[in-house]
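Here is a quick tour for anyone meeting this structure for the first time. Have a look at the model, then read on.

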Amino acid sequence: MQYPRHSHTYEQRLRSIGARLDSGGYHSVSIIESEGGLLVRANAPGARTPEVLELPDADGIYAAQLAPMRNGVPHRLFPDGYKGFLAALGRLLDRSQAAAIAIVEGTDFVTVGGIQPVEADGAGITFEPLDVLLLADDVRALIAQADALLEQERREAELAETPPEIANPSVVDTLLHRVSAAVDSALRMITPTQNTARTRG
Amino acid sequence: MSVQSIMFSEAPGEDAFPQHLVEPTYQNRLRVMGRLIDDERLHSITLIEVAGGFVLRATREADPWPVLIELDDRKIAKMLRRAPELRGTPKPYRTSTDLIPEGYENMLRALGYELDQRIAENVVVAELPSLLAVSGFEPVLGYGEASYRPFSDPLAPSDIVEMIQRAVNRRGSYQHIQSYVPPNFRG
């Protein structure tokens, strides 16, 4: 049974959820994915009974929530709040093409479950469990790793927008050499004609 | 909300309906859910308590995509009523791993007892390959009304073996069970 593919990335969806959690001051968060979307359980400040927030996989909901987002609220486990942590986690989950995720927050750890595709020898792609326990240090390392990944992706995107001959210096040199040779050749061809024209004039 | 809702059940006699098995304690509720997990050959569970029941996320044999099973209070109550019939019947399958040595029913029943003892509520159980992360809320008793604080216990395989051993030691010396009954189950 495979879950339907969502049009938004985990980074987008989890950042959106994180912003909502931060703005409401929620804590003790659990998030599990079903075929229909992400189910979020969290406690509001001072409330003993957790709230359940079911977020259906409708494009508009996430897009609307993505627009105005305040900065993350610092949390004992997440220095940048839920938004910062969940966005970073989502980025890494996207990169590993994870699916069917489950995130459970404890008082001093977070567990992350899911599945990820792996290439099996001669058997194509199979899915393997992705199970991680993150302590506070791991959370900080994860955020740093996700930031580094974002920076790398930015650089890759910039390079992709730059014409390839400029991106690679050796190509530029070769190109300049070719242009120079072509200009010389053209000049040699043009010069006698111009002389002829002058003579005729 | 008071946390002093302690019920005392009678020890079951030969012919008496084993009322203590159907009370909606964590011990009983987690036990019947564990039985379901064993019967359905599920593993790698995440069990989240929500208002009105539990959501169980688990993986089936030979299918890496997890399934989500909603177990509302009504469904759990039915399972509890069936529990006495099923007691002692052989199970077709029982997980046996370092973390779950004798199946989910045994492990979750033992865990449930300990959760009842600490008057826990709103629990989450997340299974990882090498530990079981148990979270929830427990009362902090002060001068006035109890306030609740979150707790988390990462249980290693050795902790689980000890927990099950404690449960085994309790068997055979049935005493009156102190059971915290959640508000939604009170009459």
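Helix α1(A) passes helix α3(A) in a right-handed crossing. This is a predicted model, by the way. In chain A, α1 covers residues 10-24 and α3 covers residues 81-95, and their axes come within 7 Å and cross at roughly 165°. Because angles over 145 degrees count as roughly antiparallel, α1(A) is roughly antiparallel to α3(A).

Who does the touching? On the α1(A) side, the contact includes Tyr10(A), Leu14(A), Ile17(A), Gly18(A) and Leu21(A). From α3(A), the residues taking part include Tyr82(A), Phe85(A), Leu86(A), Leu89(A) and Leu93(A). Charged residues join in too, among them Glu11(A) and Arg13(A) of α1(A) and Lys83(A) and Arg91(A) of α3(A). Sorted by type, the residues of this contact come to 11 nonpolar, three polar and seven charged.

Now for the strands. Strand β1(A), residues 27-34, is mostly covered, with six of its eight residues buried. Which strands does it pair with? The table shows β2(A), residues 37-43, and β4(A), residues 99-105.

| Pair | Sense | Bridges | Partner of Ser30(A) |
|---|---|---|---|
| β1(A) and β4(A) | antiparallel | three bridges | Val104(A) |

Definitions and conventions. Residues are numbered from 1 along each chain as its sequence is written. Chains are lettered from A and ligands numbered from 1 in the order in which they are written. This is a predicted model: local features need pLDDT of at least 70, side-chain atom pairs count only at pLDDT 80 or more; totals for chains, interfaces and linings use all residues. A residue is buried if 20 or more other C-beta atoms lie within 10 Å of its own, exposed if 12 or fewer, and partly exposed in between; C-beta atoms are placed from the backbone. Helices (H or I, at least four residues) and strands (E, at least two) are DSSP runs, numbered from the N terminus. Two strands pair if DSSP finds at least two bridges between them. Axes are lines fitted to C-alpha atoms, for helices over the stretch in contact, and angles run from 0 to 180 degrees between N-to-C directions. Angles under 35 degrees count as roughly parallel, over 145 as roughly antiparallel, 65 to 115 as roughly perpendicular and the rest as oblique. A crossing is left-handed if the near helix is turned anticlockwise from the far one by less than a right angle, and right-handed if clockwise. Two residues are in contact if their C-beta atoms, placed from the backbone, lie within 7 Å.
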